[in-house]
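Student: I have a structure to go through, and I would like to understand what stands behind the words used to describe it. Could we take them step by step?

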Amino acid sequence: MTRQKSGPRHREARLAYLLLTPALALVLLIIVFPVIWNVALSFQTVRLRDLATINLFDFSRLSLDNYAAGLDRRFWGGLQVTLIYAFASTALTMLLGLWAALVAREKFPGRNLFRACLLFPYVAPLISSALIWRLMLDKHIGIVNALIKHFGGAPVAWLTARALPAHILGVEIKLPIVLITIILFEAWRIFPFAFLFILARLQAIPDDMYEAARVDGASPSQSLWYITLPQLKACLGTLFLLRFIVHFYKFEDVFLLTGGVAGTDVLSIQIYDWLFARRDVGVAAAIGVLLALLLLALAAAYQRWFSAQEV
C-alpha cells in the first residue's frame with residue numbers, strides 16, 4: 001500500500017528534477033563556475049597572457065597580494081565616486097519617473113502619444129544614445145555649447161573637464177561637471193523604467209481616496225503628500241534599492257561617455273583598466289570579488305526591505 005501511494009509522488013519528483021537539470025546545468029556553467037574561477041584567480045599572480053596555461057586548481061601560490069594592490073587610494077576614491085554616482089543617478093531617476101507618472105496619469109488629449117514618447121530613452125540603443133550625447137556636448141561642435149555661446153557664455157568641456165568653477169552666494173565651488181553629466185545621462189536613459197513601475201502603482205490607488213480628500217478641502221499638494229506618496233512608499237523603496245544596485249556596478253554608460261576620465265573612475269572602470277590596460281588579471285579579479293561582496297550586502301539590504309514590506 002505504501003509503495004503504491006508513494007510511487008506516483010516519486011515519479012513526479014524524478015520528473016521535476018529531470019526537467020530542472022538543464023536549467024541547473026546552465027546556471028552552474030555560466031554563473032557558479034565563473035564565480036569560483038574569479039575567486040581563485042584573485043588569490044594568484046596572473047597576467048593576461050597566462051590565462052591559456054594557468055591551472056585553476058593549483059593552490060600552491062595563493063596570496064593576498066592582489067587585494068593589497070587593489071585596495072589602494074584609487075580604489076577608495078573609485079568607491080566614493082561609485083556611491084555618489086549610484087545614489088544620485090537613482091534619486092534623479094526616481095524623481096523624473098515620479099513626475100512623468102503623475103503627469104501621464106491625468107487625462108488629456110494625446111496622453112497615449114505622450115506615454116509612448118516617454119519610453120524612447122529606455123528603448124533606444126545605448127550606443128546610439130551615448131554617441132548623440134557626446135556630439136551634443138562636444139566643446140567645439142556640440143549644440144549645447146553653441147547655445148551657450150549664442151547667449152554670451154563660454155564653452156564648457158562637459159565630458160573632459162574634471163571641475164567647473166561656480167559662484168553661489170559669493171562662494172566659489174568646483175562642480176564635478178563630468179560626473180554630473182553622466183548622472184544626468186543615466187537618469188534620462190533609465191527614468192522610463194521607473195515611470196512604468198510608478199504609473200502602474202498609481203493606477204491601482206482608488207479614486208475614492210482622492211474624492212474624499214477633495215470633499216474635505218485638501219489641495220493637490222496635500223493629496224500628493226498625504227495620499228499618493230504614502231501609497232507609493234513600498235513601490236518607491238523597492239525600486240530605489242533595485243536601481244541603486246544596478247547603478248552600483250554600471251560600466252557601459254560611463255565607459256561610452258567618458259572612458260572613466262575626469263573623476264568618473266567607478267569601480268567597474270577600474271576592473272576594466274586593471275584587466276585590459278595593465279593586463280593584471282589577479283588584481284582585476286580581486287576588485288571584482290570586492291565589488292561582488294558589496295553587491296551582496298546591497299542585495300541583503302533589499303531582501304530585508306522586501307521582507308519587512310511583506311509583513
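Student: What covers the buried residues of helix 10?

Tutor: Keeping in mind that this is a predicted model, the cover over the buried residues of helix 10 includes helix 3, helix 8 and helix 9.

Student: Which residues of helix 10 are called buried, and what makes them so?

Tutor: They are Ser-223, Ile-227 and Thr-228, and the word applies because a buried residue has under 20% relative accessible area.

Student: How do you know that the reach of helix 10 is close to the expected one?

Tutor: Helix 10 has twelve residues and spans 15 Å from its first C-alpha to its last, whereas 16 Å is expected at 1.5 Å a residue, and the two values are close.

Student: What makes a residue part of the lining of the largest pocket, and which lie nearest its centre?

Tutor: A lining residue has an atom within 4 Å of a point of the pocket; 17 residues line the largest pocket, and Arg-105, Glu-106, Asp-207, Tyr-210 and Arg-214 lie nearest its centre. Helix 10 (220–231) is among the elements that give two or more residues to this lining, together with helix 8 (177–203) and helix 9 (207–215).

Technical notes: Residues numbered from 1 in each chain as written. Predicted model: local features only at pLDDT ≥ 70, side-chain atom pairs only at ≥ 80, totals over all residues. Heavy atoms only, no water. 1 Å grid on protein atoms, 1.4 Å probe; cavity = no way out; pocket = protein on both sides within 12 Å on 5 of 7 lines; lining within 4 Å. Helix = DSSP H or I, 4+ residues; strand = E, 2+ residues; numbered from the N terminus. Expected span 1.5 Å × (residues − 1). Buried < 20%, exposed > 50% of the residue type's maximum accessible area, 1.4 Å probe, protein only. Contact = heavy atoms within 4.5 Å.
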